[in-house]
Amino acid sequence: YVLTQYNRPDLGTGANPGFPLGDLSSTAGDGTIVGAVLDLLAYMRTSNGTATLILVGAPPSAQTDSMAYDKVFTAKYNNGVSIGEADLMMHRLAVREHFIFIDWEDLNLSYYYKDYCDNGNVHPNTDSVCRVMGLYLARNCNYTTSLAKVLQADS
């Protein structure tokens with residue numbers, strides 16, 4: 001298994017413009033986030049065809065009110081895309097390319113994550129938050145992709 005994530009800075013935070021998201025017509029290494037995932041998958045397939053990618057979506061760690069709480073998955077980043085939009089694309093890509101994708105949208109804590117951090121720090125201030133997030137990831141490490149999310153991405 002190869003476990004990795006894309007993060008909010010990949011979407012563009014602060015002065016960072018981020019990377020374009022890309023779409024299902026993106027190609028490996030084309031400079032998009034989708035292209036980066038395809039590039040990783042191509043490397044894995046040629047290096048070890050038995051490896052499985054587990055990709056985790058951007059965590060809900062925004063610390064400004066305009067990007068947290070009820071806006072955590074809908075606020076637009078510098079590349080013009082929200083975490084929710086990126087998650088939908090990755091669900092579609094996971095179905096097509098046969099890897100595991102986990103977003104944070106079903107974890108209730110995601111919508112209040114900011115309350116569990118101190119002074120604008122993106123890291124939780126208690127170990128219990130890390131355990132809740134770890135358990136969520138562990139329970140979602142399977143090939144089940146939400147059909148509703150994939151279908152919504154087509155609309």
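1. Start with the second largest pocket: α2 gives the largest share of its lining, 4 residues. Helices here are DSSP runs of H or I with at least four residues, strands are E runs of at least two, and both are numbered from the N terminus. The elements giving two or more residues to this lining are β1 (2-5), α2 (33-47) and β2 (53-56).

2. A word on the model: it is predicted, with local features needing pLDDT of at least 70 and side-chain atom pairs pLDDT 80 or more, while totals for chains, interfaces and linings use all residues. Residues are numbered from 1 along each chain, and side-chain values use heavy atoms, without hydrogens or water.

3. Back to that second pocket. It has 13 lining residues, with Y6, D10, I33, A36 and V37 nearest its centre, and holds about 190 Å³ of space. (A pocket is an open set of points on a 1 Å grid over the protein atoms alone, where a 1.4 Å probe fits, with protein on both sides within 12 Å along at least five of seven lines; lining residues have an atom within 4 Å of a point. The volume is the space filled by probe spheres set on the points.) By class, the lining is 8 nonpolar, 4 polar and 1 charged.

4. Now the largest pocket, at about 230 Å³. Of its 14 lining residues, Q5, P59, W104, Y113 and M133 sit nearest the centre. Two or more residues each come from α1 (8-11) and α4 (127-139). This lining splits into 9 nonpolar, 4 polar and 1 charged.

5. How do α2 and α3 (residues 83-97) pack, by angle and axis distance? The angle is about 25° and the axes are 11 Å apart. So α2 is roughly parallel to α3, a label for angles under 35 degrees. Axes are lines fitted to C-alpha atoms over the stretch in contact, with angles from 0 to 180 degrees between N-to-C directions.

6. Who touches whom? I33, V34, V37, L38, L41 and R45 of α2 meet M89, M90, L93, R96 and E97 of α3, counting heavy atoms within 4.5 Å as contact. This set has 8 nonpolar, no polar and 3 charged residues. I33 and V37 were also listed nearest the centre of the second largest pocket.

Conventions: Nonpolar A, V, L, I, M, F, W, Y, C, P; charged D, E, K, R; others polar. Parallel < 35°, antiparallel > 145°, perpendicular 65-115°, else oblique.
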